[in-house]
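Subject: Structure for your files, with notes

Hello,

Here is the structure you were waiting for. My notes follow below it.

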Amino acid sequence: EQTGEEKLKPKPPVQLRGIRPDALPEGIASFGWTPLSELSGDENGVDLALLLARNSRCRAGSMGCAIADSSGMVIAGHVNAPVWEPNAKRPASDLHAEVNAIGLCARRGFATQ
């Protein structure tokens, strides 16, 4: 039986396996990303998030987020986005990429736990 301390110890990240075909909303590109076996799951996740950030048009910085399920499959990816000036060339960053990615999971019925 595990002690309390052992239960709280974080598990190593799962190696990412790829991106679900429906993980990215229309207009968001992954630029051909595939996970590299020599990188950890965390390193592959950061690599993908940085590539996704290239899709952002926001003037306050480009942010990307990738969410993977427990098997290592990327189930959602998104970028920061405007709310008040969606048609501006370089709009403000009103919504974080994480909020958009979680919202995408909710709309598509993907569990994030």
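A search of the whole structure finds two salt bridges, where a salt bridge is a side-chain nitrogen of Lys or Arg within 4 Å of a carboxyl oxygen of Asp or Glu. Before the details, note that this is a predicted model, in which local features need pLDDT of at least 70 and side-chain atom pairs count only at pLDDT 80 or more, while totals for chains, interfaces and linings use all residues. Residues are numbered from 1 along each chain as its sequence is written, and side-chain values use heavy atoms, with hydrogens and water left out.

Arg-20 is partly exposed at 30%, and Asp-22 is partly exposed at 30%.

The other salt bridge is between Arg-59 and Glu-85, and here the closest N and O atoms are 3.7 Å apart. Arg-59 sits in the loop between helix 2 (41-53) and strand 2, and Glu-85 in the loop between strand 3 and helix 3, so the pair ties together parts that are 26 residues apart in sequence. Arg-59 is exposed, with a relative accessible area of 53%, whereas Glu-85 is partly exposed at 38%. The loop between helix 2 and strand 2 also holds Ala-60, which counts as exposed at 60% relative accessibility. The C-alpha atoms of Ala-60 and Asp-94 are separated by 9.3 Å, although these residues are 34 residues apart along the chain.

On the overall layout: the chain has three helices and three strands, taken as DSSP runs (H or I of at least four residues for helices, E of at least two for strands) and numbered from the N terminus. From the N terminus on, the order of elements is α-β-α-β-β-α. The C-alpha trace spans about 55 × 30 × 25 Å along its principal axes. Of the 113 residues in the chain, 35% are buried. A contact here means heavy atoms within 4.5 Å; among contacts between residues at least 6 apart in sequence, 53% join residues at least 24 apart.

The three strands form an open sheet in the order 1-3-2, with mixed pairing; two strands pair if DSSP finds at least two bridges between them. Strand 1 (18-19) and strand 2 stand at the edges with a single partner strand each, so one side of each has no neighbour in the sheet. Strands 1 and 3 run parallel and are joined by two bridges. Gly-18 has Met-73, in strand 3, as its bridge partner.

Next, the interior. In soluble globular proteins, nonpolar side chains tend to be buried together. A nonpolar core is counted as a set of buried Ala, Val, Leu, Ile, Met, Phe, Trp, Tyr and Cys residues joined through side-chain atoms within 4.5 Å. The largest one has nine residues: Cys-65, Ile-67, Ile-75, Ala-76, Ala-97, Ala-101, Leu-104, Cys-105 and Phe-110. Strand 2 (64-68), strand 3 (73-79) and helix 3 (97-108) are the elements that give two or more residues to this core, and helix 3 gives the most, with four. A second, separate core has eight residues, including Leu-24, Ile-28, Leu-52 and Val-79. Not counting residues up to four places away in sequence, Ile-67 touches Met-73, Val-74, Ile-75, Ala-76, Ala-101, Ile-102 and Cys-105.

Helix 3 has Ala-97, Asn-100, Ala-101, Gly-103, Leu-104 and Cys-105 as its buried residues, and these pack against strand 2 and strand 3. Just after helix 3, Gly-109 takes a positive phi of about 75 degrees.

What about the cysteines: how many disulfides are there? The count comes to zero, a disulfide being a pair of cysteine sulfur atoms within 2.5 Å. For Cys-65 the nearest cysteine sulfur is that of Cys-105, 8.5 Å away. Cys-65 is buried at 12% relative accessibility, and Cys-105 is buried at 0%.

Regards

Note on methods: Buried means under 20% relative accessible area, exposed over 50%, partly exposed in between (1.4 Å probe, protein chains only).
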